Amino acid sequence: MHFHSTRAADDPARVVPRQLPGDVRGFVNRTEELHRLDAILAGGEGDSVVVAICVIAGTAGAGKTSRRDESALWAALSTGDEQDADAVRSVFAWSYRALPPDAARLFRLLGLHPGPVFGLGAASALAGISVRQARQLLDVLVGAHLLEQTAPDRFEFHDLLRAYATEQSRLDETADGRAAALRRVLDWYLHTADAAQGWITPAREHVPLDLADERAAPLSFADYDQAVDWSEREQPNLAAAVRAAEKAGLDRHAWQLSAVFWSAQAPSAAVTDWLVTGKIGLRAVRRLGDRVGEAKILESLGFAYRRLNDLPKALNAHREALTIRRELSDPRGEASALNALGLLALRTRRLRDAEEHFVRALAVFHELDAVHWEAVTRANLASVQFEAGHLAEAGSNLEQALVAHERMANKGSVGNVLRMRSAVHLERGELTEAARTAHEALDIALELRDRVMEGYWLLYLGDAQQARGQCAEALISYQRSATIHRRLGDRSREALAWYGAGRTYQRLERTGEAADFFRRATAVHQELGDSWHQALALDALATSLSAEDAVAARRHWGDALQLLAGYDDARAVKLRERIEGRLAPGP
């Protein structure tokens, strides 16, 4: 639908149409009603002085924009001629005033919903009515073309209608009424996300929550897939809810939503989607002076930064969390912080520090009989032992961790242990077992719909396939891993996939292609400050170039030696000795 002022219509050169986005099917062929609208908008002598109306056919949703401040939408519409804005309000008012009172109330309260799309549960919470009543009223709004149903249990406004609904809530609802509606819908998201966490990360400690408003009954989930489906669908709304809580000064809601959102994220969610809300949660919890909540948010931020390869920020967050846990005399929390710091030390190949952190955390979890976290930490300690070349110790700890996780049916943790066992088998030359356990781990990742696990564990499958001479299969695994990590924003693991592809091309004696992949991996690891993996990639690059460009190969080996100088574990020493042998002058 376009609105043209009659003044502009007299001068075609000055016609600037204002498009009303929406389901135009609701207006097409309603000529009688449009004549009535012209009469409503007519001047004192019956002439249509406000607007002339032209109905066009088009696509539902044309002209949509991202969610913006409602006043800005009206301001944009009013630019050039305030009459146009008044005309749009008049059209909306015509449909709004024709609504039954209950439907009109729901319409204006929906303007307070934090996100652009919502479901039945959120609508019922906003209005404080039953789901059955909300369904009936939503049908009324859809029938009146004031709301669009885009999928089962998914509804949305077009931007100007949302702005109009928000405006009507300010006019027709009291400030207390609006605040109560917002708190109800935030409660609904908070408690429903908490229920989803029970399936998605069942071992993770829940945030203690106040009772939800009885008129905002949260959803429950019958199984893991239902919880993940809800989380994937509602992720934009959860982020918007955190922002809305902060804007409304509801700091308790803001930090709790942020914390629960972290634990209820769909497994394949990009961590960047949560990071902004994590920062909001930290500000909110600090304003409240809640030290327990602050430590929890800091730990989540630390893990988020680690996944984004911002290791200095991750280290600061985990150190702050450890300080708070110690201040609070919280041994379990302290052990969790030590485990997190151990993972960071492992990531930067500070193996002694990692081992110390894990051993201390393991002792506390064992004393507290925290069986799940004891098994998790034991598997992390095994990773350190593997990297240090202590395969027997690593294998023993992995076996103990696997037994515990299988007993508790912790599928994700079982898969993680299998992933590490694949590496141990490969190191021992047990290639069939390496491939089998990597496949088993990957099957678990696929079952859990966890793209983070899938992408990482594909690297181990590729390594096993490449060692067995299954080069075509290995290249597919590395390509899948690189694609997943690129989408997740994990450049470090994407570079590991390139390194794996390079080694596979090296095995195929396609040294040019191998060198290209090694160069790409080297550049990323250098940019991220990952000296260990940069050295590995430089060594592989030098090997690929040694036959055709001995000068470049020696230069790369020399660079690798400088990077390895800071490492003294058995693997690093062995690699350094091998490179020194390549650089030694001949007889």
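How far apart do the end C-alpha atoms of residues 295-328 lie? I looked this up before anything else. They lie 10 Å apart, and the span is 88% helix and 0% strand. I took helices (H or I, at least four residues) and strands (E, at least two) as DSSP runs, numbered from the N terminus.

**Ground rules.** I note that this is a predicted model, where local features need pLDDT of at least 70, side-chain atom pairs count only at pLDDT 80 or more, and totals for chains, interfaces and linings use all residues. Residues are numbered from 1 along each chain as its sequence is written, and side-chain values use heavy atoms, with hydrogens and water left out.

For residues 495-528 I found the end C-alpha atoms 11 Å apart, with 91% helix and 0% strand.

**Whole chain.** I counted 27 helices and six strands in the protein chain. Of its 587 residues, 52% count as buried. Buried means under 20% relative accessible area, exposed over 50%, and partly exposed in between (1.4 Å probe, protein chains only). I also looked at contacts, meaning heavy atoms within 4.5 Å. Among those between residues at least 6 apart in sequence, 63% join residues at least 24 apart.

**Cores.** I looked for nonpolar cores, which are sets of buried Ala, Val, Leu, Ile, Met, Phe, Trp, Tyr and Cys residues joined through side-chain atoms within 4.5 Å. The largest has 143 residues, and Phe107, Leu110, Leu138 and Leu141 have the most contacts inside it. A second, separate core of nine residues includes Leu343, Phe358, Leu362 and Leu381. I then followed leucine 141. Apart from neighbours within four places in sequence, leucine 141 is in contact with residues including Leu99, Ala103, Phe107 and Leu147.

**Sheet.** Which strands form the open sheet of three, and in what order? I read the order as β4-β6-β5, with antiparallel pairing. β4 (117-118) and β5 are at the edges with a single partner strand each, so one side of each has no neighbour in the sheet. Two strands pair if DSSP finds at least two bridges between them. I found two bridges joining β4 to β6, and phenylalanine 118 has phenylalanine 155 in β6 as its bridge partner. β5 (residues 148-151) and β6 (residues 154-156) pair over three bridges. Alanine 151 stands opposite arginine 154. The hairpin of β5 and β6 has two residues between the strands, and there aspartate 153 takes a positive phi near 60°.

Is glutamine 385 buried or exposed? I found it in helix α17 (residues 371-387), and glutamine 385 counts as buried because its relative accessibility is 11%. A polar atom of its side chain lies 3.4 Å from the backbone nitrogen of alanine 394. Leaving out residues up to four places away in sequence, glutamine 385 touches His390, Glu393, Ala394 and Asn397.

I placed arginine 576 in helix α27 (residues 570-583). Arginine 576 counts as buried too, because its relative accessibility is 18%. Its side chain reaches the backbone oxygen of leucine 564 at 2.8 Å. Beyond neighbours within four places in sequence, arginine 576 is in contact with Leu561, Leu564, Ala565 and Tyr567. Arginine 576 and alanine 535 are 41 residues apart in sequence and 9.8 Å apart in space, C-alpha to C-alpha.

Note on methods: Polar contact = N/O pair within 3.5 Å; in protein donor to acceptor, adjacent residues only side chain to side chain.
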